Amino acid sequence: MSTADTIFALATGAGRSAVAVLRLSGPGCGAVLDRLAGRRPAARMATLRTLRDAAGAALDRALVLWFPGPRSYTGEDAAELHLHGGRAVVAAVSEALVAAGARVAEPGEFTRRAFLHGKMDLTEAEGIADLVEAETEAQRRQALRQTGGALAREARGWAEQLTRLLAQQEAALEFAEEGLPSDLDEVVRAGAGALRAEIAAALADGGRGERLREGLDVAILGAPNVGKSSLLNALTGREAAIVSARAGTTRDVVEARFDLAGVPATLADTAGLREGADEIEAEGIRRAHRRGEEADIVLAVFAADAAPDAETLALLARRDCVVVANRCDLAEPAADYAGVVPLRVSARTGAGLAALRARLEEEAERRAGGAALLTRPRHRAALEEVARHLAGAETAPVPELASEGLRAASLALGRLTGRVGVEQVLDVVFGSFCIGK
């Protein structure tokens with residue numbers, strides 16, 4: 001991958017469409033336009049042109065846009081060709097672009113170039129990827145916050161504080177005879193503690209951002225033939241699982257995606273919990289137990305016309321579940337079981353399903369709701385490393401070790417944003433303390 005190349009890619013969906021957009025970027029972008037369109041149009045003005053191949057044959061009548069760098073998405077010369085969306089048109093123009101010296105872009109290469117040219121940091125680039133993948137409204141909002149620089153702004157503020165602290169510590173070490181404040185070491189340690197507290201507050205979010213981005217896992221557990229498959233179909237609004245009156249029909253995990261008030265979730269129907277009649281059903285039950293252990297939310301389901309069996313009661317005692325009494329159209333369940341009040345539903349008639357969905361949405365909001373700065377495990381790991389180094393700087397027995405801890409924290413924070421540099425520290429040293437005048 002080289003930024004010296006001129007690249008292009010289809011920016012719209014594959015297949016036949018009314019309009020297809022080819023994006024170009026790179027140092028040879030203007031020359032490529034000159035060859036295909038006769039000459040490049042005025043900057044940022046859509047112009048209708050006939051595109052021609054090297055032999056002069058017409059390829060298409062297209063809208064051509066020219067974005068001279070650095071005022072473009074990638075920060076380098078860029079262009080767009082708005083073509084008619086037939087596959088043959090896109091293929092012919094793509095061949096002409098290759099003949100003119102461009103190449104097909106690699107995955108993510110446009111955004112990577114934008115990062116390399118300083119148009120965004122890594123967290124903003126990741127936000128763009130999340131925006132493309134967003135399934136729900138809440139995911140879209142979170143991705144927009146990320147692309148808008150929510151985490152990037154916080155990280156810049158932390159980086160500025162780190163740079164200032166490191167500059168002060170380096171000055172105290174290197175220029176001790178220059179009349180600097182005698183308590184500078186203590187000031188630096190106090191500043192490291194305050195910054196560590198800020199980062200700890202960002203980390204103490206319960207992983208909401210990661211859960212929203214990746215989606216929640218909801219597992220339906222219970223004895224055989226209590227209506228788990230019917231409940232999955234009713235909640236998702238489609239026939240995702242086979243429903244049968246015969247116990248043990250579900251022998252593997254059946255999954256379906258659904259939306260919980262903007263939080264994406266995977267609802268899993270599992271094999272009925274009982275002593276397996278054969279080795280295949282026993283394996284399904286083992287998978288059901290594992291899915292229940294890994295799930296964010298567990299629906300413990302029993303039939304209202306029969307008291308919960310030992311497996312279901314053990315499930316209630318083991319963890320905080322959403323307890324569901326299904327088939328309430330056939331019988332009225334007890335008021336509570338081991339102090340747990342079940343939600344009364346009927347997957348067949350739809351009674352109680354709205355209340356169950358509302359409860360699930362409450363659980364989703366508790367686990368993945370609200371604005372969160374950190375949306376990926378990488379963000380959390382980087383900030384945890386920053387916090388560790390700050391704690392080391394705060395308690396370092398000698399100033400040299402405090403300086404090393406601050407430097408390591410700065411490098412870890414730089415890995416979060418993709419911006420790692422030492423010149424900023426030098427600028428603050430010689431600017432703030434007027435050293436070397």
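Predicted model: local features only at pLDDT ≥ 70, side-chain atom pairs only at ≥ 80, totals over all residues.
**View 1**
Let's start with a residue that comes with a database note. An unreviewed UniProt entry places the feature "binding site" at Arg23, Glu80, Lys119 and Lys437. Look for Arg23 in strand β2, which covers residues 17-25. Leaving aside residues up to four places away in sequence, Arg23 touches Ile7, Phe8, Ala9, Ala11, Tyr73, Ala79, Glu80 and Phe110. Glu80, one of these contacts, is also among the positions in the UniProt feature.

**View 2. The largest nonpolar core.**
Nonpolar side chains tend to be buried together in soluble globular proteins. Here, the largest nonpolar core has 30 residues, and those with the most contacts inside it are Leu231, Leu235, Leu267, Leu299, Val324 and Leu356. Two or more residues each come from β7, α9, β8, β9, β10, β11 and α12. The element that gives the most is α12, with five residues.

**View 3. The largest cavity.**
The structure holds one cavity of 30 Å³ or more, and the largest cavity has a volume of about 30 Å³. Its lining is made by Ile297, Val298, Asp320, Cys321, Val322, Arg359, Glu363 and Arg367. Both β10 and α12 give two or more residues to this lining, with α12 giving the most, three residues. Four of the lining residues are nonpolar, four are charged and none is polar.

How values were computed. Residues numbered from 1 in each chain as written. Heavy atoms only, no water. UniProt positions renumbered as here; feature names shortened; annotations may be inferred. Helix = DSSP H or I, 4+ residues; strand = E, 2+ residues; numbered from the N terminus. Contact = heavy atoms within 4.5 Å. Core = buried A, V, L, I, M, F, W, Y, C linked by side-chain atoms within 4.5 Å. Buried < 20%, exposed > 50% of the residue type's maximum accessible area, 1.4 Å probe, protein only. 1 Å grid on protein atoms, 1.4 Å probe; cavity = no way out; pocket = protein on both sides within 12 Å on 5 of 7 lines; lining within 4 Å. Points joined across faces, edges and corners; volume = space filled by probe spheres on them. Nonpolar A, V, L, I, M, F, W, Y, C, P; charged D, E, K, R; others polar.
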